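Subject: Model for your review

Hello,

Here is the model for you to look over. My notes follow below it.

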Amino acid sequence: MAVEFDYAMTLLFLPPLGWGVAFVWGALWGSFFNVCIHRIPLYDSVAWPPSRCPKCGSGIAAYDNLPILSWLILRGRCRRCKNPISPRYLLIELLVALLAVALYARFIAAADVTLPLPAAVGRYLVYFYFVGTLVVLSGIDFDHQILPDQITYPAIPIFFALGRVINDVSWLDASIGLCAGYALVRLIADGYYYLTGREGLGLGDGKLLALTAGLLGWKSLPLTLLCGSLLGLAIAVPLLLLRRRAATGAGDDQPLRHVEVPFGPFLACGALCYLFLFVGRDYEVVVFRLFDRFF
């Protein structure tokens with residue numbers, strides 16, 4: 001029986017079949033993450049009622065709820081009312097599927113051959129659910145400019161504990177990261193508020209950093225903040241300028257510094273950069289190789 005189980009795991013999780021399994025796994029969870037992004041800010045249950053059309057309220061049949069395929073087959077419309085369904089549902093499912101494949105490539109297909117397959121799969125699952133949490137938080141922050149406590153508060157201790165199981169970083173590194181991630185944003189947010197009388201960074205960003213560094217360790221903080229800030233500048237500033245121009249045309253001349261921008265998605269991208277580049281590798285060696293390659 002043990003031999004049969006090992007053979008089944010090897011067949012299912014190792015290439016070539018493993019690539020397809022990872023993609024389907026990610027797409028299925030991407031569909032659930034869409035539900036979380038939509039319902040959690042509304043304080044609705046993510047388990048009940050079943051999926052419904054956001055326009056006419058009719059239930060969506062199981063054959064119309066296949067990740068990626070159903071949206072493409074129905075051409076992004078409800079089967080009954082024919083109203084369009086946001087392409088974001090397709091994009092989230094596809095994004096999570098691709099991230100699942102990327103994690104598979106990083107932590108199973110290219111993993112250390114001395115690591116037993118069950119341990120490699122467990123490690124993969126921890127990082128997959130971490131990435132899924134980042135996707136959900138980013139989607140909610142993008143829509144509502146909040147990082148809800150009902151996700152961050154339980155996720156921080158859960159991923160801290162899971163990090164001790166896979167043991168990619170030490171208990172001390174993770175503890176320092178958890179505390180420093182929140183404290184850093186808290187200091188910046190409080191300092192900005194005392195200087196300007198306005199809120200800058202939300203404390204939800206600090207909880208997101210605590211969640212990230214509690215799993216990946218304190219060394220993840222510099223790269224997460226750097227990549228998040230650079231990406232935020234590259235994407236947000238042009239969008240802010242366009243938004244300000246539109247507001248000015250409508251008679252609302254709002255200062256650029258007063259326009260709210262969700263920072264959570266950019267921090268999540270920074271955390272992904274660290275996850276794929278550095279986790280399980282020597283930090284200094286990777287930095288040296290990157291520096292040598294580009295300079």
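Which residue forms a salt bridge with Arg88, and how far apart are the closest N and O atoms? The partner is Asp143, at 2.3 Å. A salt bridge here is a side-chain nitrogen of Lys or Arg within 4 Å of a carboxyl oxygen of Asp or Glu. Asp143 sits in helix α5 (residues 117-144) and Arg88 in helix α4 (residues 88-109), so this pair ties together parts 55 residues apart in sequence.

First, the ground rules. This is a predicted model, where local features need pLDDT of at least 70, side-chain atom pairs count only at pLDDT 80 or more, and totals for chains, interfaces and linings use all residues. Residues are numbered from 1 along each chain as its sequence is written, and side-chain values use heavy atoms, with hydrogens and water left out.

Overall fold

The protein has 11 helices and zero strands. Both are DSSP runs numbered from the N terminus: helices are H or I with at least four residues, strands are E with at least two. Of its 295 residues, 39% count as buried. Buried means under 20% relative accessible area, exposed over 50%, and partly exposed in between (1.4 Å probe, protein chains only). Among contacts with a separation of 6 or more, 69% come from residues 24 or more positions apart. Contact means heavy atoms within 4.5 Å.

Salt bridges

The structure holds three of them. Back to the pair above: Asp143 is partly exposed at 34% relative accessibility. Arg88 is partly exposed too, at 25%.

Asp168 and Arg123 form another salt bridge, 3.0 Å from N to O. Asp168 lies in the loop between α6 (149-166) and α7 (171-196), while Arg123 is in helix α5, 45 residues apart. Asp168 is partly exposed at 27%. Arg123 is buried at 13%.

Lys207 pairs with Asp149, with closest N and O atoms 2.7 Å apart. Lys207 belongs to helix α8 (residues 203-216) and Asp149 to helix α6, a separation of 58 residues. Lys207 counts as buried because its relative accessibility is 10%. Asp149, at 32%, is partly exposed.

Helix α2

This helix covers residues 17-39. At 1.5 Å a residue, its 23 residues should span 33 Å, and the end C-alpha atoms are 34 Å apart, which agrees. The expected span is 1.5 Å times one less than the number of residues. Its buried residues include Gly18, Ala22, Gly26, Gly30, Phe33 and Arg39.

Helix packing

Axes are lines fitted to C-alpha atoms, for helices over the stretch in contact, with angles from 0 to 180 degrees between N-to-C directions.

The axes of α2 and α5 come within 10 Å and cross at roughly 35 degrees. The α2 side of the contact includes Trp25, Trp29 and Cys36; the α5 side includes Tyr124, Phe128, Gly132 and Asp143. So Asp143, the salt-bridge partner of Arg88, also takes part in the contact with α2.

α5 and α6 pack at about 160 degrees, with axes 10 Å apart. That makes α5 roughly antiparallel to α6. The cut-offs: under 35 degrees is roughly parallel, over 145 roughly antiparallel, 65 to 115 roughly perpendicular, and the rest oblique. Residues in this contact include Arg123, Tyr127 and Phe130 of α5, and Ile151, Phe159 and Leu162 of α6.

Best wishes
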